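Good morning, and thank you for coming.

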Amino acid sequence: MNRIGIGSAQFGQKYGINSKEKIKPKEIKKIFKYLYLKNKKCYIDTSPTYGNAETLIGKNLNKKNEFRIITKTIPSKSRNINNKFVKNLEISFFLSLKRLKQKKVYGLLVHNVNDLLKKNSHLLYNQLLILKKKKLVSKIGISVYNRRDIHRVLSKYKFDIIQLPCNILDQRLIIDGTIDKLKKQKIEMHARSIFLQGLLFSDRKKIQKKFNGIIKNIDLLNNRLNKANISTQEAAISFIKNLKRFNAIIIGIDNFEQLKNIVEISPKKLPFKTYDLFSKDINCVDPRFWKK
């Protein structure tokens with residue numbers, strides 16, 4: 001079942017290629033009020049690194065919270081994982097609970113997957129297990145960007161949730177079979193970046209120089225959308241939901257109206273092929289390379 005998840009990065013900071021400002025507190029209040037009416041068991045994805053996002057979420061959760069809250073670990077700045085970092089991670093987690101006004105959360109994800117590949121990373125993993133054993137966290141997981149990271153981490157440790165990128169233009173993990181393998185392992189999967197951080201909605205003239213490697217794919221997609229009379233938003237959501245692989249779809253929003261439009265979309269079978277829209281240009285489909 002594809003539950004909608006709200007990515008809260010833009011609650012506390014500018015986020016995404018088209019972002020001009022943070023979402024205003026009044027808009028956030030409207031968003032939560034709407035979610036309680038329409039989609040009570042959705043996911044709320046956050047992190048202590050998203051500015052004051054956790055605090056704003058905490059202010060808008062009711063006492064009988066039914067949302068599945070997911071937060072993340074702080075990143076390590078050193079080459080090795082040590083006891084001091086693990087202690088700071090624990091402190092950060094309890095601060096997250098305090099800001100969120102929760103006694104426990106649904107999920108805790110390792111934000112920087114490279115932390116699990118460092119020397120003594122077992123100290124980090126063991127701390128996650130401790131928090132889970134104490135029932136402060138229902139599920140532990142990782143946020144990843146590619147197949148290599150998934151393979152390297154899962155060969156060492158076991159996780160309940162994996163948050164990964166997937167969209168019409170970035171089909172890497174579909175084509176290489178990774179998503180199907182994770183599904184067979186019964187790992188809860190959350191699709192993120194389904195709008196490629198807003199790139200799918202960007203003005204072609206403004207992005208063609210920086211994203212020249214993906215312009216042909218965008219043009220091809222837009223031509224098919226125009227012929228089928230389907231919006232980019234509809235197509236992006238239908239594409240993910242039709243895969244029937246993900247437990248949740250994490251979406252970033254700019255305002256209340258955008259959320260309302262997304263929630264009310266009824267996914268449909270796309271009347272055109274999508275497999276050839278896949279871009280092989282990693283510099284365009286992976287936002288980590290955009291600044292470069």
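I begin with a term that I shall need: a residue is called buried when its relative accessible area is under 20%. Please also keep in mind that the model before you is predicted.

Let us start with the sheet. Eight strands form a closed barrel in the order β1-β2-β3-β4-β5-β6-β7-β8, and their pairing is parallel. On average, neighbouring strands of this sheet are turned by 25° against each other, direction ignored.

I now turn to strand β8, residues 248–252. Is β8 largely enclosed by the rest of the structure, or largely open? Of its 5 residues, 4 are buried, and therefore the strand is largely enclosed by the rest of the structure.

Which strands pair with β8? Strand β1, residues 3–7, runs parallel to β8 and is joined to it by 5 bridges. Within this pairing, Ile-6 has Ile-251 as its bridge partner, and Gly-7 stands opposite Gly-252. Strand β7, residues 188–192, also pairs with β8 in the parallel sense, over 2 bridges. There, Ala-191 stands opposite Ile-249.

The next element is helix α11, residues 232–243. This helix has 12 residues and spans 17 Å from its first C-alpha to its last, close to the 16 Å expected at 1.5 Å a residue. Because 9 of these 12 residues are buried, α11 is largely enclosed by the rest of the structure. The buried residues are Thr-232, Gln-233, Ala-235, Ala-236, Ile-237, Ser-238, Phe-239, Ile-240 and Lys-241.

What covers them? The cover includes the strands β7 and β8, together with the helices α7 (172–175), α10 (212–228) and α12 (256–263). After the helix comes Lys-244, with a positive phi near 55°.

Finally, I would draw your attention to a pair of helices, α4 (residues 83–100) and α5 (residues 121–133). Their axes come within 9 Å and cross at roughly 35°, and the crossing is right-handed. From α4, the residues in contact are Asn-83, Phe-85, Val-86, Leu-89, Glu-90, Phe-93 and Phe-94; from α5, they are Leu-123, Leu-124, Gln-127 and Leu-131. By class, this contact comprises 8 nonpolar, 2 polar and 1 charged residues.

As a general point, an α-helix has 3.6 residues a turn, so residues three or four places apart point the same way. That pattern may be kept in mind when reading the contact list. Thank you for your attention.

How values were computed
Residues numbered from 1 in each chain as written. Predicted model: local features only at pLDDT ≥ 70, side-chain atom pairs only at ≥ 80, totals over all residues. Heavy atoms only, no water. Axes fitted to C-alpha atoms, helices over the stretch in contact; angles between N-to-C directions. Left-handed = near helix turned anticlockwise from the far one by under 90°. Contact = heavy atoms within 4.5 Å. Nonpolar A, V, L, I, M, F, W, Y, C, P; charged D, E, K, R; others polar. Buried < 20%, exposed > 50% of the residue type's maximum accessible area, 1.4 Å probe, protein only. Pairing = 2+ DSSP bridges. Expected span 1.5 Å × (residues − 1).
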